[in-house]
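Me: I am new to this one. Please show me the structure, and then let me ask about it.

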Amino acid sequence: MRIYALAVYLFLYIPIGVIALFSFNAGRHAAQFQGFSTQWYGKALTNPFVLDALGTSLTVAVSSAVLATLFGTMAAMALQSVRGRLRLAFDALIYIAVMVPGIVIGIATLIALVTLFDWLNPLLAAIWPLAEAAPQLSLGYGSLVAAHGLFAMALVIIIVRARMAGMDRSLIEASADLGATPWGTFRQVTLPQIFPGILAGFLLAFTFSFDDFIIAFFVAGSQTTLPIYVFSSIRRGVTPEINAIGTMVLAVSLVLLITAQAMLQRGRRAG
């Protein structure tokens, strides 16, 4: 079993290591190492198309992570008081949202948004003072944030509920017995205990949104995120610049995931 586990890890991480190694290639071919150089990192960081796609990805990731964390935390707290079959139904819906393939979520979100826009745009044109100046709803930042936020909210709910399950409920009851308001109890007792889970959920939601390609490909409209830019670039051939972009994205993702895991472990120890 140890040999099998080692083989699995090598199969997973050797290709990633090769990409990171060839990102320092001095040549122009991604598969031929011709010397050590960091020039492709400089070219990637000065490429206006890369920077524009990076800005879009960061904007969408931060926005969707904030919304997913806010609504996911509220939903997790509300579900703590639900019992019986209704609780099982909500649990099933949450886990299904995580288990459904991204391509299904992307197609379903695209169809739902296009149908909604086809219904709302004529209505806006009818009620707007100047029909030709009426706003037109379309795919873009809003659809990206909505799609990523809805999916990531399920992750936040799972993480925050796991943290709340290990929380000392007697502290909440003692706070109420001592005359604290519900908001005061949440702010002074509940929030400090579940904050590691909230922060971990935010970091995971940000990582998912920043790295996502499949869902973004369907709902991005005219916007270009960094994964979409990378996909478009490799269709013309893989260069060390693409390896450099992939290595930087990998480094950021690893830092966020390790930080989220550390926060969860810290929260478990505190609990």
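Me: Is Phe231 buried, partly exposed or exposed?
Reply: Buried means under 20% relative accessible area, exposed means over 50%, and partly exposed lies in between (1.4 Å probe, protein chains only). Phe231 has 30% relative accessibility, so Phe231 counts as partly exposed.

Me: What can I rely on here?
Reply: This is a predicted model, where local features need pLDDT of at least 70, side-chain atom pairs count only at pLDDT 80 or more, and totals for chains, interfaces and linings use all residues. Residues are numbered from 1 along each chain as its sequence is written, and side-chain values use heavy atoms, with hydrogens and water left out.

Me: How many aromatic pairs does the structure hold?
Reply: Rings of Phe, Tyr and Trp (its six-membered ring) pair if their centres lie within 6.5 Å; planes under 30 degrees apart count as stacked, over 60 as edge-to-face and the rest as tilted. Phe206 and Phe210 are stacked, at 5.9 Å centre to centre and 10 degrees between the planes. The aromatic pairs number nine.

Me: Why are Phe206 and Phe210 separated by about one helical turn?
Reply: Both residues are buried. They sit in helix H8 (residues 182-211). The separation is about one turn because they are four residues apart.

Me: What kind of pair do Phe217 and Phe231 form?
Reply: Phe217 is in helix H9 (residues 214-219) and Phe231 in helix H10 (residues 226-234), 14 residues apart. Their rings lie 6.1 Å centre to centre, with 75 degrees between the planes. The pair is edge-to-face.

Methods. Helix = DSSP H or I, 4+ residues; strand = E, 2+ residues; numbered from the N terminus.
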